[in-house]
Amino acid sequence: MKIEDFPEDIRQYIIPTQEGKVVYRCLGCGMEYSIEKLLYTCPDCGQILLIYDLEFDRLKKISGETWRRIFDYRKMLTIPALKGIYLYYEFIGPVIPLDSVVYLGEGHTPVVEANTYMQDKAGVRFYFKNDGQNPSASFKDRGMASALSYINFLIQKGHISDVLAICASTGDTSAAAALYGSFLQPRVKTAVLLPHKKVTPQQLSQPLGSGASVFELPGVFDDCMKVVEALSDRYNVALLNSKNAWRILGQESYSYEIAQDFEYNMDNKVIILPIGNAGNISAVMSGFLKFYETGIINSLPKIIGVQSKHANPVYRYYLEPDAKKRKFVPVTVKPSVAQAAMIGNPVSMPRVIHLVNLYNKLAGKQNVFCIEVDEQAIIDWELIANRNGHIACTHGGESLAGLVKARSQGIIDKNDTAILDSTAHALKFSGFQEMYYEKKFPKEFEITSDPDLINSPVLIHPKDLKKVPAPGKPLEGDDFELFVRRVSEEIAKALELKNGK
Ligand SMILES: *Cc1c(COP(=O)(O)O)cnc(C)c1O
Ligand SMILES: [Zn+2]
């Protein structure tokens, strides 16, 4: 829609202008630092940072009603920079000029309601929000759009040049980093560190295809993370892990979209998502808090973070009901089909602790919960979901397994509506589906295949057929007719088709 066609009172807000005063704030000592430099941890005390707009209160001068109309009308614009996460510009990056924005199609992912069969099975109304429909097929694109737009902004302002962007990854971070980095080449080059054999072939192909330098290391993600941290301490590199607070800022868009998807009515809503490095749950809490503080949503939805028994440090932390007695202890991870969340020492734990406190306080009750599920439930629920119209990855299965568990524990009421994060596309993790169908899971996964969920292709090659077609060698005449007849007969037999004609 053209600017002149918007209602007059909204027109002035439709194209946002640079404003606000954005700083890094240390979660340990509270010190604030200018964003003119790339910072990941506090130079003073070493703790991680969050990004704050010191002039955030100016946003409260506009009514919640007006904000809702601004976002709804802004959706009708055709300006690419405002199509993705920066639709919520004032909340995500109010200092980044629109011409620095890198938009590759991220965000505005579909919300898909489960069919009646699935809702009956889960005992509650629910939707998947398919973040696997982002350009690199995971939610990580939301954070990378923010991080790379910011880097682009620094380059354009002349603060930095020739950036080497680097990250450790369980697969999806590197795919997203390499994709967004490649858009800014040659000024940005990307290098990714992956745990050898702990990412799927699909995920490995992504940074390779985007032209990044790919390094595989022995060990698990936590080991790669330590190496990346050592590199970023000693060398001039731009760290793209979720330690980078710009990533968190971009991922807040997930919450803003959910608010908008449900017409800003968050009553009786429950958001369910997997926890790995805990960046995403930090972002989701932070996003809802900002919309709540500005009156854009009327209540804070319940948030449920889900972890596998094989990688459950956050769950264990919250097992202790007395906040004063809680102590964070990293865990040693075991193999998990929710491989992108196979993290024993989440970098964002201090953010989680800070934001959970704030979230529960503002909600006036416990409103953030942590659930643990086993590997069997994760993959079974993934496969069941995908037999019912979804494209959930294993982590989407983890969200669904968490929904079922939370429902059985009474954390979710039958009148609630749940929105589940399927954080990546099913295809990225199809190898686990294959292992399930072929009953090839190594023992450590603790998964046995349910015969009812197994599916495999059937080769039809009737023994009596002397000749079959091959590439470049088509059959003709009687041979071909015989082939078609015999093969159809076999398929009809396999499907138990009755001759009705
Ligand atoms: C990164 C990732 C997660 C975990 O998110 P965190 O922000 O690390 O907690 C979950 N699912 C998928 C598919 C991911 O790529
Ligand atoms: Zn500090």
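This is a short tour of the structure above, stop by stop, with something to select at each one.

Before you start, note that this is a predicted model, in which local features need pLDDT of at least 70 and side-chain atom pairs count only at pLDDT 80 or more, while totals for chains, interfaces and linings use all residues. Residues are numbered from 1 along each chain as its sequence is written, chains are lettered from A and ligands numbered from 1 in the order in which they are written, and side-chain values use heavy atoms, with hydrogens and water left out.

**Stop 1: the zinc ion**

Select ligand 2, the zinc ion, and then Cys 26, Cys 29, Cys 42 and Cys 45, whose SG atoms are its protein donors at 2.3 Å. Donors here are N, O and S atoms within 2.8 Å of the metal (3.2 Å for Na, K and Ca); water is not among the atoms, so sites may look incomplete. What arrangement do the 4 donor atoms make around the zinc ion? It is tetrahedral, because the angles they subtend run from 95 to 118°; for four donors, that label requires all angles to lie between 85 and 135 degrees. Along the sequence, the spacing of the donor residues reads C-x2-C-x12-C-x2-C. Cys 29 sits in the loop between S1 and strand S2 (32-34) and Cys 45 in the loop between S2 and S3, so this pair ties together parts that are 16 residues apart in sequence. Cys 29 is partly exposed, at 39% relative accessible area, and Cys 45 is partly exposed, at 40%. On this scale, buried means under 20% relative accessible area, exposed over 50%, and partly exposed in between (1.4 Å probe, protein chains only).

**Stop 2: strands S1 and S3**

Now select residues 22-26, strand S1, which runs antiparallel to S3 and is joined to it by 5 bridges. Strands (E, at least two residues) and helices (H or I, at least four) are DSSP runs, numbered from the N terminus, and two strands pair if DSSP finds at least two bridges between them. Click on Arg 25 to find its bridge partner in S3, Leu 50. Then colour residues 49-53: 4 of the 5 residues of S3 are buried, so this strand is largely enclosed by the rest of the structure.

**Stop 3: salt bridges**

How many salt bridges does a search of the whole structure find? There are 25, each one a side-chain nitrogen of Lys or Arg within 4 Å of a carboxyl oxygen of Asp or Glu.

Begin with Glu 19 and Arg 58, whose closest N and O atoms are 3.2 Å apart. Glu 19 lies in the loop between helix H1 (8-14) and S1, and Arg 58 in the loop between S3 and helix H2 (64-74), so the pair ties together parts that are 39 residues apart in sequence. Glu 19 is partly exposed at 33% relative accessibility, whereas Arg 58 is buried at 17%.

Next, select Arg 142 and Asp 131, which meet in a salt bridge at 2.7 Å, N to O. Arg 142 is in helix H5 (residues 140-156), and Asp 131 is in the loop between strand S5 (125-130) and H5. Both residues are buried.

**Stop 4: the domains**

Finally, colour domain 1 (111-134 + 254-453), domain 2 (139-251) and domain 3 (457-501); such bounds come from an automatic or database domain assignment. Between the centres of domain 1 and domain 3, taken over C-alpha atoms, there are 46 Å.

Methods
Tetrahedral: all angles 85-135°; square planar, octahedral: opposite > 155°, others 65-115°.
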